[in-house]
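Thanks for coming, everyone. Let's take a quick walk through one structure. Please have the viewer open.

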Amino acid sequence: PLLSIVTITYNHEPFIAKTIEGVLMQQVKFPIELIIAEDCSTDGTRAICQQYAEQYPDLIRLITSDSNVGAIANERRAMLAARGKYIAFCEGDDYWTDPLKLQKQVDFLESHPDYSVTFHRCKHYNVETKLWRDDECEFLFTNVVDGVDISMDLFIDYWITQPLTMVLRSESLELKWYDTYKYYRDFHQIYHLLKAGKGYLFSFIGGVRIIQSGGIH
């Protein structure tokens, strides 16, 4: 596969099918794989993942274990399994809405070798309050149509993205980062990716981040 999609999931029974369907609807001109790392959920998440993996054996690779390993170790083992030149993320309670998002992001990285990571805009939805909100990135696109470069200063001053929007160059990712930080998450990851190369934020809205009480924050 040219691109590996990494989905980590734990107790996402109400959400995981929509996450997977967002991958299945992607229109791409290159081979992809979906790696689902299921962390011993106590609800019906694993059964749903297994059903999709059996239905799409050439696309989905399901990683499971007999005990809960935690979010960091779960993501690390998924990254170890990823074979693509590029890696995309979509955690098991988020979902994609643009069927061309992967094609657009990979096309950009293929033609811009000095960029290590790309993002796009997204919406936020709180399942408890039923409220939607924007990603607060509109100010970056007042006079811009397609996208903007993301500097380190801009990234640190404004939380301009979420993991579900990322497509990165796998050679820019180092697994040692998972062991460097006690609470390794996407903030550390993006910091190091921006040290390795340039970042680019597309103006299109390509997905939805779900805010729910069982999520990691």
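Which residues does Asn126 touch, not counting residues up to four places away in sequence? Leu131 and Ile211. One caution before I go on: this is a predicted model. Asn126 itself lies in strand β6. Is Asn126 buried or exposed? Its relative accessible area is 18%, and the cut-off for buried is under 20%, so Asn126 counts as buried.

Now to the interior. Start at Leu34. You will find Leu34 in strand β2, which covers residues 32-38. Leu34 has a relative accessible area of 1%, so it is buried. Leave out residues up to four places away in sequence, and Leu34 touches Ile5, Thr7, Ile20, Val23, Leu59, Ile60 and Arg61. Take Val23 from that list. Val23 and Leu34 are 11 residues apart in sequence, and their C-alpha atoms are 7.8 Å apart in space.

As general background, nonpolar side chains in soluble globular proteins tend to be buried together.

Next, a helix pair. Find α1 and α2. How far apart are their axes, and at what angle do α1 and α2 pack? The axes are 10 Å apart, and the angle is about 25°. The cut-off for roughly parallel is under 35 degrees, so α1 counts as roughly parallel to α2. The crossing of α1 past α2 is right-handed. Which residues make the contact? From α1, they are Ile16, Ala17, Ile20, Glu21 and Leu24. From α2, they are Thr45, Ile48, Cys49 and Tyr52. By type, the contact of α1 with α2 has 7 nonpolar residues, 1 polar and 1 charged.

Now the backbone. Most residues other than glycine have a negative phi. Two residues here are worth a look. Asn11 sits in the loop between β1 and α1. Its phi is near 50°, a positive value, and Asn11 is not a glycine. Asn11 is partly exposed, at 25% relative accessible area. The other is Lys130, in the loop between β6 and β7 (131-133). Lys130 is not a glycine either, yet its phi is positive, about 65°. Is Lys130 buried or exposed? Exposed, with a relative accessible area of 57%.

Last stop, Leu80. Leu80 is in helix α3, residues 71-81. The cut-off for exposed is over 50%, and Leu80 has 53% relative accessibility, so this leucine counts as exposed. How far apart are the C-alpha atoms of Leu80 and Leu175? They are 8.0 Å apart, while the two residues are 95 residues apart along the chain.

That's the tour. Over to you for discussion.

Definitions and conventions: Residues are numbered from 1 along each chain as its sequence is written. This is a predicted model: local features need pLDDT of at least 70, side-chain atom pairs count only at pLDDT 80 or more; totals for chains, interfaces and linings use all residues. Side-chain values use heavy atoms; hydrogens and water are left out. Helices (H or I, at least four residues) and strands (E, at least two) are DSSP runs, numbered from the N terminus. Buried means under 20% relative accessible area, exposed over 50%, partly exposed in between (1.4 Å probe, protein chains only). Contact means heavy atoms within 4.5 Å. Axes are lines fitted to C-alpha atoms, for helices over the stretch in contact, and angles run from 0 to 180 degrees between N-to-C directions. Angles under 35 degrees count as roughly parallel, over 145 as roughly antiparallel, 65 to 115 as roughly perpendicular and the rest as oblique. A crossing is left-handed if the near helix is turned anticlockwise from the far one by less than a right angle, and right-handed if clockwise. Ala, Val, Leu, Ile, Met, Phe, Trp, Tyr, Cys and Pro count as nonpolar, Asp, Glu, Lys and Arg as charged, and the others, Gly among them, as polar.
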